[in-house]
Structure formats: C-alpha cells, structure tokens
Amino acid sequence: MCLNLSPLMESNGSRPSKRRYCEKITKIKQQEGPDLHVYGSSNLLQTLLKHDLVDAFWLKIFPITLGRGKRLFADGTIPAAFKVTESTVTSKGVIIVNYERAGAVPTGSL
C-alpha cells in the first residue's frame, strides 16, 4: 500500500503544514490498519524522520553513481538505531535491505 495523502489534506483542499502532516500521520499510526508506505517523496520522508515517525526502511542500493542526489538523512534527522531484519543482493548487484527501529542509539563499539 502506498501512502495516499488525500486524507491528510485540509478540509478546504489545501496542503497542510509540515506540523499538521505530522499530527495527522501520528493519529493514523495510532489506529488499526495497514502499514503506511512512502515511495519517492524525499521531502515528506525528511519531515517524518525529523518527527520520529519512521519505524522501518526498505532501501535499495544500486551499484551506480549518477552525481549529486538528495540526502536520505539530512540535517535535523534525530539519532535512532535500526536493525537489519531482511536483506538480499540481486544478480545485478542491487542490495535490498529492510531496517526496523531498534530503540535508542547504542554507544560504545559497533
């Protein structure tokens, strides 16, 4: 399921502020229902990271470079620990890995 942003829109059809997005997503996360997924919206992802609303990542790492791109973990991202719960490497060298929240950031040696 992809995150449908229409329920997050304001009653007058306008886009809510980042704060209102986070309030609405927090409320949705507290309800029963399917997981929320975000595909290809780095701006929304940055907002969710800054407000501690990300529980898991599915990352695909491709063995190519195309120059500059958007940073996944930009300024304002809170420290958080994640653990690998699933991973695979395709025959073309694409690494697919699932990271889920693992609590506070451990200190000491990795």
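**Entry 1: a definition before I start**

Two strands count as paired if DSSP finds at least two bridges between them. I keep that beside me, and I also note that the model I am looking at is predicted.

**Entry 2: the overall plan**

I began by listing the elements, and I found two helices and three strands. Reading along the sequence, I wrote the order down as α-α-β-β-β. The protein has 110 residues, and 19% of them count as buried. Its accessible surface comes to about 8500 Å², and carbon and sulfur atoms hold 54% of that. I then looked at contacts between residues with a separation of 6 or more, and 54% of these join residues 24 or more positions apart.

**Entry 3: the strands**

Which strands pair with strand 3, and in which sense? I found that strand 1 pairs with strand 3 in the antiparallel sense, over six bridges. Strand 2, residues 82-89, also pairs with strand 3 in the antiparallel sense, here over seven bridges.

I picked out a bridge partner on each side. Phe57 has Tyr99 of strand 3 as its partner. Ser87 stands opposite Val97, which is also in strand 3.

Next I followed the chain from strand 2 into strand 3. The two form a hairpin, with five residues between them. In the turn I stopped at Gly93, which has a positive phi of about 90°.

One reminder for myself while I look at side chains here: in a regular strand they alternate between the two faces of the sheet.

**Entry 4: the core**

Which residues make up the largest nonpolar core? I counted eleven: Cys22, Ile25, Leu44, Leu45, Leu48, Leu49, Leu53, Val54, Phe57, Leu59 and Val97. Helix 1 (18-29), helix 2 (42-50) and strand 1 (56-61) are the elements that give two or more residues to this core. Helix 2 gives the most, with four residues.

Setting aside its neighbours within four places in sequence, Leu45 is in contact with Val54, Phe57 and Leu72.

**Entry 5: Gln46**

Is Gln46 buried or exposed? Its relative accessible area is 10%, and the cut-off for buried is under 20%, so Gln46 counts as buried. Gln46 is found in helix 2. Leaving out residues up to four places away in sequence, I listed what Gln46 touches: Arg71, Leu72, Phe73, Ala74 and Thr77. Leu72 was already in my notes as a contact of Leu45.

**Entry 6: salt bridges**

How many salt bridges are there? The count comes to two. Side chains of opposite charge can pair when their charged atoms come close.

In one of them, the side chains of Lys29 and Asp55 meet at 2.9 Å, N to O. Lys29 sits in helix 1 and Asp55 in the loop between helix 2 and strand 1, so this pair links parts of the chain 26 residues apart. Lys29 is partly exposed at 32% relative accessibility, and Asp55 is partly exposed too, at 45%.

In the other, the side chains of Arg101 and Asp52 meet at 2.5 Å, N to O. Here Arg101 belongs to strand 3, Asp52 lies in the loop between helix 2 and strand 1, and 49 residues separate the two. Arg101 has a relative accessible area of 27% and counts as partly exposed. Asp52 is also partly exposed, with 39%.

Which residues make the nonpolar surface patch of about 250 Å²? I found Ile61, Val89 and Ile95. Ile95 is in strand 3, which runs over residues 95-101.

Definitions and conventions:
Residues numbered from 1 in each chain as written. Predicted model: local features only at pLDDT ≥ 70, side-chain atom pairs only at ≥ 80, totals over all residues. Heavy atoms only, no water. Patch = residues over 30% accessible without salt bridge, like charges linked within 9 Å, V, L, I, M, F, W, Y side chains within 5 Å. Areas by Shrake-Rupley, 256 points an atom, 1.4 Å probe, with all protein chains shown as cover. Salt bridge = Lys/Arg side-chain N within 4 Å of Asp/Glu carboxyl O. Core = buried A, V, L, I, M, F, W, Y, C linked by side-chain atoms within 4.5 Å. Buried < 20%, exposed > 50% of the residue type's maximum accessible area, 1.4 Å probe, protein only. Contact = heavy atoms within 4.5 Å.
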